[in-house]
Amino acid sequence: MRRFGRTLVTAALAVTLVGGTAGWASGDSQVAVTGPPPGTDAWRADTVSGRALPDPATAAPREVAAFFAGLDDAARRELLRSHPLVVGNLEGAPLPLRYEANRIAVAATGEARYASLAAPDRQILAFDPRGRGQVAEVFGDLEHAEHVSVIVPGSDNDAATYDAPRKPYTGPAGMARALREATGSGTRGSTAVVAWIGYTTPVGVGLDAADGRLARAGAARLVRFTAGLDAVGAPDPALFCHSYGSVVCGLAAGHTDAADLVAFGSPGMRADTATALGTGARVWAARGPSDWIADVPNVEFAGIGHGADPTSAAFGARRVPAADVEGHTGYFMPGTQSLAAFAAIAKGAAR
């Protein structure tokens, strides 16, 4: 009876929001950054040895990889110098070339909020300065890794805030570092982790966080990103999807070659069951006892809400122990059961 009451409350709220009478909820509405990066028109107009360059919007990552494989080093570096933003975000381009291109692109913005990303020891796999900024950073040796994991975060993350010093284990970069350390990879080793803030995340708890608009845009970008990993020979990744990021992963699931899909602190994945995600990946779910996400009704009405609870028995995901997790973002804190389980998944050792 209580569940039915919550459903009615959520339905009433949805009607209010969709009807446009709750302006507070859409006050921080975000414009999703989509499509290829700035500089694409100049790239399309250019050639190399008389050959057209692969269109960043339409060329499959495998086509991009084949294109770069046919270039000598001088031609690659000329493209890098002329089009750093495009090369840095081009799925299928060689990884070292992308790291160098993004170092140049970050520095070219002249913006202090991005300055740390241009440090020579950082491996920035993608960088887009539009909007609040998007970024993907690699921790480890992605070129030679036996296992790859991708952190897909939720609300309030962007290129300027994802690695905040006050979030050593709770921000996306902190989660990535903690996961890699927990796998025992050290500075070199067989596991690489990517912190992927490759979509426009919601801000706060307004309407953006309650509907799927930004998640749908993010899912398309995540699918292309994972195809890019495949194109450069990386192993099938484990996707670790936090909060609203699990909505993104749920919508992308059937179109990626992920080996594992881990939802934690999830409001729902826009699917009734793990089977309904349409993925061959193993599906895992975790929720700590004090995570406020448990108070979010697991319903979907008029596009509002994200559906079934991934930690419920009916959903059918494998449960990740999380009894000692504190709050909504504590899943990667050192010593937690969840981090130990995540590390086993990341190494391909979980059963």
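My notes follow, topic by topic.

**Ground rules.** I am working from a predicted model, where local features need pLDDT of at least 70, side-chain atom pairs count only at pLDDT 80 or more, and totals for chains, interfaces and linings use all residues. Residues are numbered from 1 along each chain as its sequence is written, and side-chain values use heavy atoms, with hydrogens and water left out.

**Disulfide.** I searched the whole structure and got one disulfide, counting a pair of cysteine sulfur atoms within 2.5 Å. C241 and C249 are the partners, with S to S at 2.1 Å. I checked the handedness too: the torsion about the S-S bond of C241 and C249 is about -85°, so the disulfide is left-handed. Both C241 and C249 are buried (buried is under 20% relative accessible area, exposed over 50%, partly exposed in between, with a 1.4 Å probe and protein chains only).

**Cores.** Next I looked up nonpolar cores, meaning sets of buried Ala, Val, Leu, Ile, Met, Phe, Trp, Tyr and Cys residues joined through side-chain atoms within 4.5 Å. The largest has 43 residues, and L142, W196, L222, F225 and L261 have the most contacts inside it. Helix α9 (residues 213-231) gives this core its largest share, six residues. Helices here are DSSP runs (H or I, at least four residues), as are strands (E, at least two), numbered from the N terminus. Apart from that core lies another of 37 residues, including Y114 and V320.

I then picked F225 and listed its contacts (heavy atoms within 4.5 Å). Leaving aside neighbours within four places in sequence, F225 meets E91, L125, A136, V150, V194 and W196.

**Strand β5.** Five of the six residues of β5 (147-152) are buried. I count two strands as paired if DSSP finds at least two bridges between them. β5 runs parallel with β6 (residues 191-197) over five bridges, and H147 stands opposite T191 there. β5 also pairs in the parallel sense with β7 (residues 238-242), over four bridges, where S149 has A238 as its bridge partner.

**D309.** Is D309 buried or exposed? D309 counts as buried, because its relative accessibility is 14%. D309 sits in the loop between β9 (282-286) and β10 (318-319). Its side chain makes polar contacts with the side chains of R287 at 2.9 Å and T311 at 2.8 Å. For a polar contact I need a pair of N or O atoms within 3.5 Å; within protein, one must be able to donate a hydrogen and the other to accept it, and residues adjacent in sequence count only if both atoms are side-chain atoms.
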